[in-house]
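Here is a short walk through one structure. Keep the model open as you read.

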Amino acid sequence: MSDLITVEMLDADGAVRDAEQSVAGDTRADLFRKAAIGGGSLLAGSVLLGGLPALAEARPSKKQDVKILNYALTLEYLESEFYKEAVAKGALTGATLQFATTVRDHEVAHVKFLQKVLGKKAVKKPKFEFKDTTSDLAKFQQTAIVLEDTGVSAYEGQAHRIKQTAVLKAAASVLPVEARHAAWIRNIVGQPPAPVAFDKAASMAKVLKAVKGTGFIVG
């Protein structure tokens, strides 16, 4: 679980609000369904692949594997669009620009990879609004930490629920890269790249309690 990030870092005037979407079939996956807001802070990390209670209680199955991969794909959509927009806006410099450019290419590759695995069952890309987190260097850095820490926890939290070996391999091939991204951006801003010896995946109940919505998804 990553540190608490203040809402102000992520654009307090509208960066957190309900963004509930359908997760049935091949419709758009739910992302950041609920957010934990308390004391002026946004609880970051372990919030993307939590899923709904029905998914939490379901036994592993091929159908559930598709839902899990679509959660992952929605996260990759968000990350790829975030980095593409940040690089295009031209506010990033130095090591942060190098990071964003490299990770942008990785996330775009992840999207294509998951789309290929899912085929016709892949969810469509939502519309995003990142506010000024892509045009302000400091806000970009803090948001990138949130997204990358979240991506690691998200994949880790769902890995044990995957039934098919091929699907597990697909997820496992992305997870270590997301972890390297998280370490890289933390190092850039002067935070410990590997702050703990063991990474604790959030339980489904904790995820659903933590997640509440961000204004990043607008449609």
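K131 sits in the loop that joins α3 (94-118) to α4 (137-159). Helices here are DSSP runs of H or I, at least four residues, numbered from the N terminus. The model is predicted: local features need pLDDT of at least 70, side-chain atom pairs count only at pLDDT 80 or more, and totals for chains, interfaces and linings use all residues. Residues are numbered from 1 along each chain as its sequence is written, and side-chain values use heavy atoms, leaving out hydrogens and water.

Most residues other than glycine have a negative phi. K131 has a positive one, near 55 degrees. K131 is also partly exposed, with a relative accessible area of 25% (buried is under 20%, exposed over 50%, partly exposed in between, with a 1.4 Å probe and protein chains only).

The axes of α3 and α4 are 12 Å apart, and the helices pack at about 35 degrees. Axes are lines fitted to C-alpha atoms over the stretch in contact, and angles run from 0 to 180 degrees between N-to-C directions. From α3, T96, F99, A100, V103, E107 and L114 meet L137, F140, Q141, A144, E148 and Y155 of α4. Contact means heavy atoms within 4.5 Å.

A second pair is α2 (residues 62-89) and α5 (residues 165-188). Their axes come within 11 Å and cross at roughly 30 degrees. The two are therefore roughly parallel (angles under 35 degrees count as such). D65, L69, E76 and E79 of α2 make the contact with V167, V174 and E178 of α5.

Notes. Parallel < 35°, antiparallel > 145°, perpendicular 65-115°, else oblique.
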